[in-house]
Amino acid sequence: MTHYRLLGLFVMVGCGQVMQPNQPVDGGESPGDGPSCTTCSDDSCAQIVWNFDDADFDGATARAPSDLQLAIRDFNGSPALALDTTALTEVSFTVPVCGSGVLDGRTLTLSANVFFDGGTDTGVQYYVQATMPDPDTTGSLLTQTGMAGHTLTTFSVPLNMSSLSDGTTSVTFQVGTFGAAFSGTIYFDDIELD
Ligand SMILES: [Ca+2]
């Protein structure tokens with residue numbers, strides 16, 4: 001009996017999902033849903049899509065500030081990650097790529113759709129910055145992209161902008177202001193490695 005249950009468990013969590021303790025397991029499907037998956041160095045499947053469409057965090061976790069609350073809410077007709085902020089300075093969150101092992105991401109591009117619902121539409125007053133695995137790690141910076149309020153913007157950067165891209169484990173997004181005030185919600189959707 002126990003054996004059959006274990007077998008069933010392995011089948012259920014097979015290719016297409018990152019196993020990560022204490023985090024939701026979802027969203028690891030490959031674009032096109034092919035039979036194979038993008039593998040981490042330990043042959044587990046890397047998570048390369050975070051679309052939040054199952055009203056699930058897809059493993060995304062708040063990083064800073066300590067009281068940052070992540071939410072999933074519809075944006076443009078699709079569930080998206082919502083960061084509610086008042087008097088924005090900088091907020092950040094992390095998405096997992098490999099639960100164990102690493103992904104050689106040197107040929108991959110990280111992209112995400114971002115919308116600042118609030119603040120000013122005049123000029124590029126806000127930014128999104130990505131690092132891997134986090135901004136505390138030397139050499140982790142991918143890029144910083146300026147954005148205006150109320151403008152759907154695609155953030156996109158090749159992972160090989162960081163010398164650490166051959167050992168990708170997770171990606172951190174930081175969102176902040178160059179100076180203009182912002183209170184409202186910042187939406188992220190369709191985060192992908194492709
Ligand atoms: Ca979505």
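## Overall make-up

The chain contains one helix and 11 strands, where helices (H or I, at least four residues) and strands (E, at least two) are DSSP runs numbered from the N terminus. Read from the N terminus on, the elements follow the order α-β-β-β-β-β-β-β-β-β-β-β. This is a predicted model, in which local features need pLDDT of at least 70 and side-chain atom pairs count only at pLDDT 80 or more, while totals for chains, interfaces and linings use all residues. Residues are numbered from 1 along each chain as its sequence is written.

The average pLDDT of the chain is 88, and 82% of the residues score at least 70; pLDDT is the predictor's confidence in each residue, from 0 to 100. Over residues 1-32 the pLDDT stays under 50, and for this stretch the model has 56 contacts beyond four places in sequence, a contact being two residues whose C-beta atoms, placed from the backbone, lie within 7 Å. Among contacts in the chain with a separation of 6 or more, 71% are made by residues 24 or more positions apart.

## The nonpolar core

Of the 194 residues of the chain, 37% count as buried. A residue is buried if 20 or more other C-beta atoms lie within 10 Å of its own, exposed if 12 or fewer, and partly exposed in between, with the C-beta atoms placed from the backbone. The largest nonpolar core has 44 residues, and those with the most contacts inside it are Ala-46, Leu-81, Val-114, Val-171, Phe-173, Tyr-187 and Phe-188; such a core is a set of buried Ala, Val, Leu, Ile, Met, Phe, Trp, Tyr and Cys residues joined through C-beta atoms within 7 Å. The strands that each supply at least two residues of this core include strand 1 (49-50), strand 6 (109-118) and strand 11 (184-193).

Leaving aside neighbours within four places in sequence, Val-171 is in contact with Thr-94, Val-95, Val-97, Leu-110, Ala-130 and Met-132.

Five strands form an open sheet in the order 2-5-10-7-8, with antiparallel pairing, where two strands pair if DSSP finds at least two bridges between them. Strand 2 and strand 8 stand at the edges with a single partner strand each, so one side of each is left without a neighbour in the sheet. At one end of this order, strand 2 and strand 5 pair in the antiparallel sense over three bridges, and Thr-61 has Thr-94 in strand 5 as its bridge partner.

## Backbone details

Most residues other than glycine have a negative phi, and most peptide bonds are trans. A cis peptide bond joins Ala-64 and Pro-65, with omega about -5°, and Pro-65 lies in the loop between strand 2 (61-64) and strand 3 (70-75). Another cis peptide bond, with omega about 0°, joins Met-132 and Pro-133, the latter being found in the loop between strand 7 and strand 8.

Asn-76, although not a glycine, has a positive phi of about 55°; Asn-76 sits in the loop between strand 3 and strand 4 and is exposed, because 11 other C-beta atoms lie within 10 Å. Asp-190 also has a positive phi, of about 50°, without being a glycine, and is found in strand 11.

## Around Pro-79

Pro-79 lies in strand 4 (residues 78-85) and is partly exposed, because 17 other C-beta atoms lie within 10 Å. Not counting residues up to four places away in sequence, Pro-79 touches Phe-52, Asp-53, Ala-55, Ile-72 and Asp-74.
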